[in-house]
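Please look over the structure below before reading my points, which concern a pair of helices and the surroundings of a ligand.

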Amino acid sequence: MLFDHPEFDAHELVQFVEDEPSGLRAIIALHSTTLGPAAGGIRFHPYPSETLALTDVLRLSRAMTAKMAFGEVPMGGGKSVIIGDPRSLKSVDLLHAFGRAVDRLGGRYICGEDMGMTPEDMDVVATETRWATGRASGSGDTSPLTAVTVFDAVRAAAIHLWGPAGLEGRVVAVQGLGAVGGKLARRLVEVGVRVVGSDPDPARAAEAAARGITLVDPGEILAAECDILAPCAFGGVLSAETIPTIRAEVVCGAANNQLATSKDADRLAEAGILYVPDYAANIGGVYSGVIGLKGKTAADAQALADRVFPRVLDLLDEATRLAITPSEAADRVVADRLRAGSAWVARQSPSAVRRARRAST
Ligand code: NAI
């Protein structure tokens, strides 16, 4: 069943974890360690079924491989999901049991924070394994730098499409005014862009309104009258149903896995919408993770983030030159980097590979 799964894509390892005393049921998926240890967050979510949890973890870990390779990070792609409602199921014992499962992988998987997990939870996981990042005592909140790289990607797309005037006189619609979307919207307002936004959380909506963002109903944001749509809430928002309703000329946002299926990249192109692959834009979260590693500071993370604007501009130019979608162009870059990585690994002794992987963490 797993080999035939549409999202399997030759995952290197899929591990099912159960700890009866604490109620832990988790899946850890390592898509690729070709470029380094597989890194990716822990999503703690009340999945309606195990099948949906498996599909999610496979899609997310595969996307992490692409994000790392495209963002020039010497790491591979992985992800984990804990099945259950974090508000009722989460406990110190459960997080310890999960930490031990990560530790058994001996550094092949480096976990971090994702939906349903907090930096404080990561501190608890880290008492059982050194392969845990995103701790309250470490790099902390990743959303500020994610908002920076999404803003730069939005700016690059605007310049690609409308020339040097870029964002001048444009309207951006932001779906989800949370940690990343809220900061993105504020930054856009600061540079004089008109922003419409939506969030079902009344406090977040009110805060955004106070900063000059025009609110629309969450059910209307995808079809809002705008030039750029920035999905910053959840994945799967770009689908056969939603794409025909989108009025924006550009889609570029923070949410992971915005395309419901890979075919939706073509649907967007056919609708005349320029789509910036999510992993090209939201890489700032990964760059934040370097802070605190081997003496790296916020300035090092910012230097990595500074490369996003030219990289996205190059990607969009290349896609136009080859008459392919930006998703296809990005996939080609990822495939090239993975091929080069595999070729390098094949030429080294196992101990040299282990040394290089240790050096990259
Ligand atoms: P968040 O939880 O702080 O914000 C998400 C916001 O979306 C919340 O305020 C929520 O109320 C809102 N929302 C939920 N349903 C909505 C709907 N139907 N319409 C409009 N808004 C809705 O999460 P965060 O950290 O801002 O992340 C946003 C997205 O970006 C997520 O998909 C996340 O996976 C992705 N991402 C976040 C990174 C980070 O550093 N925080 C890094 C890379 C990706």
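**Notes on the helix pair and the ligand site**

1. H5 and H11 are roughly parallel to each other, a term for angles under 35 degrees. Helices here are DSSP runs (H or I, at least four residues), numbered from the N terminus.

2. The angle at which H5 packs against helix H11 (residues 298-305) is about 20°, and their axes are 10 Å apart; axes are lines fitted to C-alpha atoms, for helices over the stretch in contact, and angles run from 0 to 180 degrees between N-to-C directions.

3. This is a predicted model, in which local features need pLDDT of at least 70 and side-chain atom pairs count only at pLDDT 80 or more, while totals for chains, interfaces and linings use all residues. Residues are numbered from 1 along each chain as its sequence is written, and side-chain values use heavy atoms, with hydrogens and water left out.

4. Around the ligand there are 23 residues, of which Thr142, Thr146, Val180, Asp199 and Arg204 come nearest (a residue is near if one of its heavy atoms lies within 4 Å).

5. Helix H5 (143-162) and helix H6 (179-190) are the elements that give two or more residues to the shell around the ligand.

Methods
Angles under 35 degrees count as roughly parallel, over 145 as roughly antiparallel, 65 to 115 as roughly perpendicular and the rest as oblique.
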